[in-house]
Amino acid sequence: MAHHLLDAREAAAVLRMKNSRTLVRWARLGQVPAHPLGEGKRKLWRFLEHELLAWVEAQETDKKRPPASTIEVAIGAHARRTA
């Protein structure tokens with residue numbers, strides 16, 4: 001499988017983001033999978049397309065999980081963790 005290395009502008013387009021600067025900020029904070037090139041403050045960030053797509057998929061999966069909306073669900077989850 002070929003891995004497509006993208007710059008911030010190309011990666012932002014894949015994610016349908018208007019601003020690549022936001023993506024670079026997320027990369028610096030470690031919120032998206034990214035690979036820094038260079039040293040010091042002025043790193044060049046590169047992104048692997050398959051990692052970004054997997055990250056998006058994981059974000060969507062997290063949103064689909066229902067919250068522990070009742071005390072019974074929360075107590076049951078705690079009981080399973082401590083058992």
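In this predicted model, helix H2 (20-29) has four named positions in its buried set, namely Thr-22, Leu-23, Val-24 and Ala-27. These buried residues of H2 pack against H1 and S3, and Leu-23 is, together with Phe-47, one of the residues with the most contacts inside the largest nonpolar core.

**Helix H2 and its ends**

- Just after H2, the backbone passes through Gly-30, which takes a positive phi of about 80°.

**The nonpolar core**

- The largest nonpolar core comprises 15 residues, and the elements that give two or more residues to this core are helix H1 (8-14), H2, S3 and helix H3 (49-64).
- When residues up to four places away in sequence are not counted, Leu-23 touches Ala-8, Ala-11, Ala-12, Leu-15, Met-17, Val-32 and Phe-47.
- In soluble globular proteins, nonpolar side chains tend to be buried together.

**The sheet**

- The 3 strands form an open sheet in the order S1-S3-S2, and their pairing is antiparallel.
- Strand S1 (5-6) and strand S2 (35-37) stand at the edges of the sheet and have a single partner strand each, so one side of each is left without a neighbour there.
- The antiparallel pairing of S2 with strand S3 (residues 44-48) runs over 3 bridges, and Leu-44 in S3 is the bridge partner of Leu-37.

Conventions. Residues numbered from 1 in each chain as written. Predicted model: local features only at pLDDT ≥ 70, side-chain atom pairs only at ≥ 80, totals over all residues. Heavy atoms only, no water. Pairing = 2+ DSSP bridges. Core = buried A, V, L, I, M, F, W, Y, C linked by side-chain atoms within 4.5 Å. Buried < 20%, exposed > 50% of the residue type's maximum accessible area, 1.4 Å probe, protein only. Contact = heavy atoms within 4.5 Å.
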